[in-house]
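Hi everyone, thanks for coming. I'd like to walk you through one model today, so let's bring it up on the screen.

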Amino acid sequence: IKGLSQANAWGCFDEFNRIDLPVLSVVAQQVQSVLNGLKAHKTEFVFPDKDIVGLKPGVGFFITMNPGYAGRQELPENLKILFRGVTMMVPDRQAIMKVKLGGQGYKEDDLLSQKFYLL
């Protein structure tokens with residue numbers, strides 16, 4: 001996190017909710033310190049380990065989670081509030097095909113979308 005904030009880079013942390021709770025707590029403190037520096041429009045900030053770290057305004061943190069699987073845990077509230085949630089799901093391909101076919105003027109869009117979906 002320290003390196004990302006100095007490099008003006010984005011970081012994506014995959015399967016974030018598989019990390020142990022004590023480590024998540026440390027990450028929450030680090031992310032919060034970076035966000036506080038960004039909100040104050042600072043070019044440097046004090047990292048939780050007391051280092052003075054350069055801060056570029058384009059830094060970004062992203063996490064992915066797969067809740068509900070074995071070995072996964074809920075994120076602590078102090079970490080949840082630092083990230084914006086986005087839910088993703090498997091698209092309904094048949095509905096998408098029906099809309100695209102109907103938009104192109106096909107009269108039998110429902111039947112055609114079923115046939116295309118089976119392909």
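**The pocket, the rings and a helix pair**

Let's start with strand 4, which gives the most to the lining of the largest pocket, with 4 residues. Strands here are DSSP runs of E, at least two residues long, and helices are runs of H or I of at least four, numbered from the N terminus.

A word on the source: this is a predicted model, where local features need pLDDT of at least 70, side-chain atom pairs count only at pLDDT 80 or more, and totals for chains, interfaces and linings use all residues. Residues are numbered from 1 along each chain as its sequence is written, and side-chain values use heavy atoms, with hydrogens and water left out.

Back to the pocket (on a 1 Å grid over the protein atoms alone, an open set of points where a 1.4 Å probe fits, with protein on both sides within 12 Å along at least five of seven lines; lining residues have an atom within 4 Å of a point). The largest one holds about 790 Å³ of space. Its lining counts 23 residues, and Ile63, Phe83, Arg84, Gly85 and Val86 lie nearest the centre. Helix 2 (21–39) and strand 4 (60–63) each supply at least two lining residues.

Now, Phe83 again: together with Phe13 and Phe16, Phe83 forms one aromatic cluster. The structure holds 4 aromatic pairs, meaning rings of Phe, Tyr or Trp (its six-membered ring) with centres within 6.5 Å.

Last stop: which way do helix 4 and helix 5 cross? Their crossing is right-handed, that is, the near helix is turned clockwise from the far one by less than a right angle.

Note on methods: Rings of Phe, Tyr and Trp (its six-membered ring) pair if their centres lie within 6.5 Å; planes under 30 degrees apart count as stacked, over 60 as edge-to-face and the rest as tilted. Grid points are joined across faces, edges and corners, and a volume is the space filled by probe spheres set on the points.
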